[in-house]
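Hello,

Here is the structure I promised to pass on. My notes on it follow just below.

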Amino acid sequence: LAEPDFLWFGITERMKESSCLLFHTLRTKPVKEVPHERVVKCSPTSWWTEEHRREVRRREPADYAVWRTANAIFDVRVLRMIHDLKENLNGENTSRSAKE
């Protein structure tokens, strides 16, 4: 499976998912709390109306295209992470059952 040139990227509006994906990608234990110095305050886009989205597409078509593409790639990576975690949990449960 070919991987892109970048190992990980995060999406500001999806900081919690981004942090989880970072720890999973690097195969490292998560920190108990993400340092606040590293978090950018960003207004969520969940309240945007269709008119807001049209205006962004009109003013910044390239940025909007990159953002949409990044979110699509990010969604796939999050789903893969969830799949991996479920497989790992199922493997642990199978190992425990065999030992008992």
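In the chain, where is confidence lowest and where is it highest? The model is a predicted one, and its confidence is lowest in α3, at a mean of 86, and highest in helix α2 (residues 50–59), at 91. Over the chain, pLDDT averages 83, and 79% of the residues score at least 70.

Now to the aromatic side chains. The structure holds two aromatic pairs. One of them joins phenylalanine 9 and phenylalanine 74 in a tilted arrangement, with 6.1 Å from centre to centre and 55° between the planes. Phenylalanine 9 sits in the segment before α1 (15–26) and phenylalanine 74 in helix α3 (residues 61–99), so this pair ties together parts 65 residues apart in sequence. Phenylalanine 9 counts as buried at 17% relative accessibility, and phenylalanine 74 is buried too, at 0%.

On to the charged groups. The whole structure has seven salt bridges. Among them is the one between arginine 14 and glutamate 17, whose closest N and O atoms are 2.8 Å apart. Arginine 14 is buried at 17% relative accessibility, while glutamate 17 is partly exposed at 32%. Arg14, Glu17 and Asp75 are linked in a salt-bridge network.

Glutamate 50 pairs with arginine 53, their closest N and O atoms being 3.7 Å apart; the two are three residues apart in helix α2, so about one helical turn separates them. Arginine 54 and glutamate 51 meet at 3.1 Å, N to O, and they too lie three residues apart in helix α2. Both are partly exposed, arginine 54 at 44% and glutamate 51 at 45%.

Best wishes

Note on methods
Residues numbered from 1 in each chain as written. Predicted model: local features only at pLDDT ≥ 70, side-chain atom pairs only at ≥ 80, totals over all residues. Heavy atoms only, no water. Phe/Tyr/Trp six-rings, centres within 6.5 Å; stacked < 30°, edge-to-face > 60°. Helix = DSSP H or I, 4+ residues; strand = E, 2+ residues; numbered from the N terminus. Buried < 20%, exposed > 50% of the residue type's maximum accessible area, 1.4 Å probe, protein only. pLDDT = per-residue confidence, 0-100. Salt bridge = Lys/Arg side-chain N within 4 Å of Asp/Glu carboxyl O.
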